[in-house]
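Please consult the sequence and the structure alongside the text.

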Amino acid sequence: MPRVDNGKFYNLALSKYKRTARGVHWASKERQDIRFEKIYTLLGDKISESTVVDAGCGFGDLYHFLKVKNAVPKHYTGLDVHKKMVKIARKETAQTILHADVLHDKLPYADYYLSSGAMNLLYPFETQMFIQRMFDHSYKGVVFNILKGSSVEDDIYNKYTIEKLKKLLLPFKADIEICDDYLDDDLTIMMIKAD
């Protein structure tokens, strides 16, 4: 179970901020785009040549970002646990959007799994399982971002220091790149499967 009730958490934001970046609990569209830019920069042209699953796709904003960059994947699939967001993403992207829980449901396979902000409410053991399931269902690798910092017990957000993240990722057979040069409170990780 996440740290808070996922449905209530996002329903409150949706009712207050509607279909905006704040409606999925981003501080602003600008900060959301900075995170998307980092994912895009790490994969570059590989995105448009690949199949991609966006785990925790929300409204499909990452898809729209990639479309503006002329980097639409060969096939894009969005996954989200929130039914209202799935409905909006299906309508706005005209792509495959599945109502699915990454931790528990059957997942599709793709070249790359991408995830932006989807692990912010998870406990550490759920974070490891989320990353493991994305990694297991990717042919080539995973790129995700996660909040940077030290979590305290009563904090609703899931945060990682670079040291703690390195320990979490130690079991994975992958070439790992950790980026922390774009926002003070965020990390983006690229895990490319080792040959």
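Which residues are buried in helix H4 (residues 83–93)? They are Met85, Val86, Ala89 and Thr93, where buried means under 20% relative accessible area, exposed over 50% and partly exposed in between, with a 1.4 Å probe and protein chains only. These residues lie on the same side of H4, because they cover an arc of only 100 degrees around the axis; the arc is that of the directions from the helix axis to the C-beta atoms. An α-helix has 3.6 residues a turn, so residues three or four places apart point the same way. The face of H4 turned away from its buried side carries the exposed residues Lys83, Lys84, Lys87 and Lys91.

The structure is a predicted model, in which local features need pLDDT of at least 70 and side-chain atom pairs count only at pLDDT 80 or more, while totals for chains, interfaces and linings use all residues. Residues are numbered from 1 along each chain as its sequence is written, and side-chain values use heavy atoms, with hydrogens and water left out.

**Overall architecture**

The protein contains six helices and eight strands; these are DSSP runs numbered from the N terminus, with helices (H or I) of at least four residues and strands (E) of at least two. Their order from the N terminus is α-α-β-α-β-α-β-β-α-β-β-α-β-β. Of the 195 residues, 50% count as buried. Contact means heavy atoms within 4.5 Å; among contacts between residues at least 6 apart in sequence, 66% join residues at least 24 apart. The accessible surface comes to about 9,800 Å², and carbon and sulfur atoms account for 53% of that area. Accessible areas come from the Shrake-Rupley method with a 1.4 Å probe, and for residues only the protein chains shown count as cover.

**Nonpolar cores**

A nonpolar core is a set of buried Ala, Val, Leu, Ile, Met, Phe, Trp, Tyr and Cys residues joined through side-chain atoms within 4.5 Å. The largest such core has 27 residues, and Met134, Phe144, Leu169 and Met191 have the most contacts inside it. Two or more residues each come from strand E1 (51–55), strand E4 (110–116), helix H5 (124–136), strand E5 (138–148), helix H6 (162–169) and strand E8 (186–193). H5 gives the largest share, four residues. Not counting residues up to four places away in sequence, Phe144 touches Ser115, Met119, Ile131, Met134, Leu169, Leu187, Thr188, Ile189 and Met191. Another core, of 19 residues, lies apart from the largest one and includes Leu42, Ala71, Val143 and Ile192.

In H6, the buried residues are Leu165, Leu168 and Leu169. They cover an arc of only 90 degrees around the axis, which puts them on the same side of H6. Their cover includes H5, E5, strand E6 (159–160), strand E7 (174–179) and E8.

**Aromatic pairs**

The whole structure holds six aromatic pairs. Rings of Phe, Tyr and Trp (its six-membered ring) pair if their centres lie within 6.5 Å; planes under 30 degrees apart count as stacked, over 60 as edge-to-face and the rest as tilted. Two of the pairs are listed below.

| Pair | Geometry | Centre to centre | Angle between planes |
|---|---|---|---|
| Tyr40 and Phe65 | edge-to-face | 6.5 Å | 75 degrees |
| Tyr63 and Tyr76 | tilted | 5.0 Å | 55 degrees |

Tyr40 lies in helix H2 (residues 29–43) and Phe65 in helix H3 (residues 61–68), so their pair ties together parts that are 25 residues apart in sequence. Tyr63 lies in H3 and Tyr76 in strand E2 (residues 75–80), so this pair ties together parts that are 13 residues apart in sequence. Tyr40 and Phe65 are both buried, and Tyr63 and Tyr76 are buried as well. Ring pairs also link Phe36, Tyr40 and Phe65 into a cluster.

**Cysteines and backbone**

A search of the whole structure finds zero disulfides, a disulfide being a pair of cysteine sulfur atoms within 2.5 Å. Cys57 is buried at 5% relative accessibility, and Cys179 is buried at 6%.

Asn70, in the loop between H3 and E2, has a positive phi near 55 degrees although it is a residue other than glycine. At 70% relative accessibility, Asn70 counts as exposed.
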